[in-house]
Amino acid sequence: MFIEKHGKYHGQGFTYGQELMNMNKRWLKAILYILGIGIAIFILLNTNWKEVLRNIKALPRHIFAIELALQIFTMILITIQWKSMVSWIGKKASFKDVFMVNIKGNIVDAITPGVKIGGELARVYELKNILKLDLGNASIIVGLQKTISLLSFLFLALISLIWFNFTIGIQYRSYLYLLSIAVFIFFILLTILIVVCLKPSILKSFLEKIIPNSKLKGKIDKVFNEYSKSLLKLLSRREKFFYQLLLGVLIWGVFAFKMLLIVKSFHIDIGFISVAAITYLTYVIGMIPLLPGSIGSFESSMVLLLSMKGIPIDIGVSISIVFRFITFWFEFLFSLFMIALDKIISLYGKGGRYDKVRI
């Protein structure tokens, strides 16, 4: 009787603790969203938008065209990275299929705050759906790609933080501490991700504790067994792992180069390393989940970092808007266009075959 009663109270306490945790998460999310909206409103009210519009209109058209081409090139590089990872598990996939998997994930990324976990779950689903992979292999491809991309990014972000430490004025030291905290939080989150990816048994035991369904536990056990086998196979190929890291650094390097072209088009004398540091530290802050697509936190942090290098706010806002359009809105619209085009071609092909049979 004591055990039954004690277990009952223990279960009620566990349920209450879960509810309290969920409530705290909801409050935290609400606070972050309000903060993000507040930042966006502050920028809207404290910017000379006529000057910003004039600056954007003055951007040479050939620079704008090059930026769009570089963004498509970035998407191609990322697709190459995904395709090579798919080949690690012995699965053949066309470039077009892998490209479609990635751009469908981009759509979900655009509406997911912060680190965009929703986009990764969408990619797992599309890998299963389009490439006919099992859940274990689909999960390991997405998990490793995310880990490698963020490892490459962390390396560049740490260098950026060190560079800012030696190059910014004493009046901005307080901002440097905030940037250090943001990089540290990012480092902790990445460490958790790496541990989960390399030690899936930790996540497996956690899920088994919170999921009461025995059938579902069996499926989880099967998925994680497949994941572990694939992981051991992949980690034995170190040369391919380092190739992926270098490819990740190249992809992030292209982002910095796009930023440099935009900055130079505004006739600002600033070096590539400073521009790269601003780019990567902006993305670190942008990973904090304030608003979908990091709208608000991304732009405001870029404006702040540019101002720390002596760039006026109006020009900083102009640069952030152009860069954000190229790397976010254009990619989002381009992804939608490619998905729609693929649907039209697919329907037209079916219609063509139907017409031939009918004749």
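**Figure 1. Helix H6 passes helix H11 in a left-handed crossing.** In this predicted model, the two axes, of H6 (residues 135–167) and H11 (residues 272–286), come within 8 Å and cross at roughly 120°. Angles of 65 to 115 degrees count as roughly perpendicular and those over 145 as roughly antiparallel; H6 and H11 are therefore oblique to each other.

**Figure 2. Residues in the contact of H6 with H11.** H6 contributes Phe153, Leu156, Ala157, Ser160, Leu161, Trp163 and Phe164. From H11 come Ile273, Ser274, Ala276, Ala277, Ile278, Tyr280, Leu281, Tyr283 and Val284. Sorted by class, this contact has 14 nonpolar residues, two polar ones and no charged ones.

**Figure 3. The largest nonpolar core, with 82 residues.** Leu127, Ile141, Phe153, Phe164 and Met259 touch the most other members of this core. H6 supplies the largest share, 13 residues. Phe153 and Phe164 also belong to the H6 side of the contact with H11. In soluble globular proteins, nonpolar side chains tend to be buried together.

**Figure 4. Surroundings of Met259.** With neighbours within four places in sequence left aside, Met259 is in contact with Val275, Ile278, Thr279, Met302, Leu306, Ile319 and Phe323. Ile278, one of these partners, is also among the H11 residues in the contact with H6.

**Figure 5. The protein chain as context for the close-ups.** The chain has 13 helices and zero strands. Of its 359 residues, 43% are buried. Among contacts between residues at least 6 apart in sequence, 74% join residues at least 24 apart.

Technical notes:
Residues are numbered from 1 along each chain as its sequence is written. This is a predicted model: local features need pLDDT of at least 70, side-chain atom pairs count only at pLDDT 80 or more; totals for chains, interfaces and linings use all residues. Side-chain values use heavy atoms; hydrogens and water are left out. Axes are lines fitted to C-alpha atoms, for helices over the stretch in contact, and angles run from 0 to 180 degrees between N-to-C directions. Helices (H or I, at least four residues) and strands (E, at least two) are DSSP runs, numbered from the N terminus. Angles under 35 degrees count as roughly parallel, over 145 as roughly antiparallel, 65 to 115 as roughly perpendicular and the rest as oblique. A crossing is left-handed if the near helix is turned anticlockwise from the far one by less than a right angle, and right-handed if clockwise. Contact means heavy atoms within 4.5 Å. Ala, Val, Leu, Ile, Met, Phe, Trp, Tyr, Cys and Pro count as nonpolar, Asp, Glu, Lys and Arg as charged, and the others, Gly among them, as polar. A nonpolar core is a set of buried Ala, Val, Leu, Ile, Met, Phe, Trp, Tyr and Cys residues joined through side-chain atoms within 4.5 Å. Buried means under 20% relative accessible area, exposed over 50%, partly exposed in between (1.4 Å probe, protein chains only).
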